[in-house]
Amino acid sequence: MAYTTYEVSFVDAQTIQIRLELGEIIDAAQTTEFPEGAVILDGGFVVDANGRDIGKSWGDNKYFFGFDTYNASSIADLFDTQVIDGVAQAPADTVSSWQVQVGGQTVTVEAVSRKTHVLDSAQVGAYNDYAYKTVENVYLRLSSPIPEGESISISFDDADFTTQTAVYDPETVVSEAIHVNLKGFDPDDTYKVAYLSSWNGWDVDTTSPDGGAGVAQEYAPGTDWRVIDEATGEVVLSGEIELTTSKDDPQNYWLNFQQTDTFSIDFSSLTAAGTYHVEVDGVGRSNSFEVAETHWGDTFELAMSGFYHQRSGIALEEPYTDWERPSSLDPDEGLVVTQSLLKITDTTEGYKGSLSHTVGLDPEYDTGVVVENAQGGWHDAGDWDRRTQHLEAARKMIENFENAPDYYETVILDIPENGNDIPDILDEAIYGASVFRNLQNADGGVSGGIESTGSPRLGDGSWHDTNRVYAYAADVWTTGEYAATA
């Protein structure tokens, strides 16, 4: 297999974009079963009976994680850079290696530019041995515009490159240069807009002191656009693109990170429900989007599902999710949480502290007392602490309910509590605050939450974290935040 996918689109009538996904990754699966004859070495590396690296162990050697499988693209070498004439370049950057035919006639490729990004990574061996699935976007600038409806053939001087064919039809070919909110819009949204822009990567030039230059796509102000109703095929709105930001206009103090002109396509007057796309003359069409009364409700439910997937102390399972996970940081599954004398306000995790959270179980803070029922709340990003700041999210949910109780009483979320008599948004708020309720002292003081003595070790999951875990001591800040929420 070539392990390459090709997609041809257009930036304008004179510029072809070829998007190539290179490589295939087959992810390894974590398991409690170690291969027969496996030996665990220092550092958790696992070798077979012949001493060959086969993976790593995690979670105090309870779990085995083999290496991922990476299948390289047969044309990966076309994008391997080397320094030639003092400039880093790859075979794909050579203009003369590309051939384009339009309507069966060879046309001149005037320039080639390219940009790259990583789609996925695979650990294929021990000691940080990684391989990457990448996307290569190649832009071919032709000597003359392509007539609409003409067939195109693109080839490269390499036997492994599969000749690509396409038709230049801006009404049917999706262009990455047209950016629109794919989540859609509500009919009553006062501002509905798409954008037109493309940075076409880097053009290698061995005569340039910089080795080349970035290519900013140019569009003519006043170019026509249309909004198409996909149910009827009719044009429901039209206008002209307007320059929003020039490539030379500074953003974020001094730099325009787009590095190209950005034009707006304002269709705010579109209020009828339906499925639509935007067309821009000479460029192409956007992906489809919806205008629907359910837009903000659907967006809210999607956002709320994120809180369920960050829950600590329970397993994630069907029917609430297709992405299952064992119960995480769960005292009922063996997690030991120790009481610390360290307050969150003494640390950089709080609002005025200077200490690292990693010192929470150093001798001067460790009480040795096991905290019972130290569970609940939401994990925090890629680590699994539950901190004072999370109470604000719970409070915002409660405020949302207070502002529109009739609406939120009708919202059914994919959470285990959705069959009780409490509105689901309040159920989620209660779950988020529950860890602080569980940690509240008899005198009313509330702990700053649950923390570990280090960032997660590579490969550890929240259900088998090998760091020591502790509860902060109560502090005035968290106690006030909890009182305001509770």
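At 63% relative accessibility, aspartate 85 counts as exposed (exposed is over 50% relative accessible area, buried under 20%, partly exposed in between, with a 1.4 Å probe and protein chains only). Aspartate 85 sits in the loop between strand E10 (82–84) and strand E11 (87–89). Helices (H or I, at least four residues) and strands (E, at least two) are DSSP runs, numbered from the N terminus. The phi angle of aspartate 85 is near 55 degrees, a positive value in a residue other than glycine.

Tyrosine 3 also has a positive phi, near 50 degrees, and is likewise a residue other than glycine. Tyrosine 3 belongs to the segment before strand E1 (4–12). With a relative accessible area of 22%, tyrosine 3 is partly exposed.

## About the model

This is a predicted model: local features need pLDDT of at least 70, side-chain atom pairs count only at pLDDT 80 or more, and totals for chains, interfaces and linings use all residues. Residues are numbered from 1 along each chain as its sequence is written, and side-chain values use heavy atoms, with hydrogens and water left out.

Helix H1 covers residues 295–309, which is 15 residues. From its first C-alpha to its last, H1 reaches 22 Å, close to the 21 Å expected at 1.5 Å a residue. That expected span is 1.5 Å times one less than the number of residues. Five named positions in H1 are buried: His295, Gly297, Phe300, Met304 and Tyr308.

The loop between H1 and strand E29 (337–343) holds proline 319. A cis peptide bond joins glutamate 318 to proline 319, with omega about 10 degrees.

## Salt bridges

The whole structure has 18 salt bridges. A salt bridge is a side-chain nitrogen of Lys or Arg within 4 Å of a carboxyl oxygen of Asp or Glu. One of them pairs arginine 226 with glutamate 279, at 3.4 Å from N to O. Arginine 226 lies in strand E22 (residues 224–229) and glutamate 279 in strand E26 (residues 274–280), so the pair ties together parts that are 53 residues apart in sequence. Both arginine 226 and glutamate 279 are buried.

Arginine 19 bridges to glutamate 21, with the closest N and O atoms 2.6 Å apart. Arginine 19 is buried, at a relative accessible area of 18%. Another bridge links aspartate 380 and arginine 387, whose closest N and O atoms are 2.8 Å apart. Aspartate 380 is buried at 16% relative accessibility, and arginine 387 is buried at 15%. Salt bridges with shared partners also join Arg19, Glu21, Lys133 and Glu176 into one network.

## The cavity

A search of the whole structure finds one cavity of 30 Å³ or more. A cavity is a set of points, on a 1 Å grid over the protein atoms alone, where a 1.4 Å probe fits but cannot get out; lining residues have an atom within 4 Å of a point. The largest cavity has a volume of about 70 Å³, a volume being the space filled by probe spheres set on the points.

The lining of the largest cavity includes Leu329, Trp384, Arg386 and Val469. Strand E33 (residues 449–452) gives the largest share of that lining, three residues. By class, the lining has five nonpolar, one polar and five charged residues. Ala, Val, Leu, Ile, Met, Phe, Trp, Tyr, Cys and Pro count as nonpolar, Asp, Glu, Lys and Arg as charged, and the others, Gly among them, as polar.

Notes:
On a 1 Å grid over the protein atoms alone, a cavity is a set of points where a 1.4 Å probe fits but cannot get out, and a pocket is an open set with protein on both sides within 12 Å along at least five of seven lines; lining residues have an atom within 4 Å of a point.
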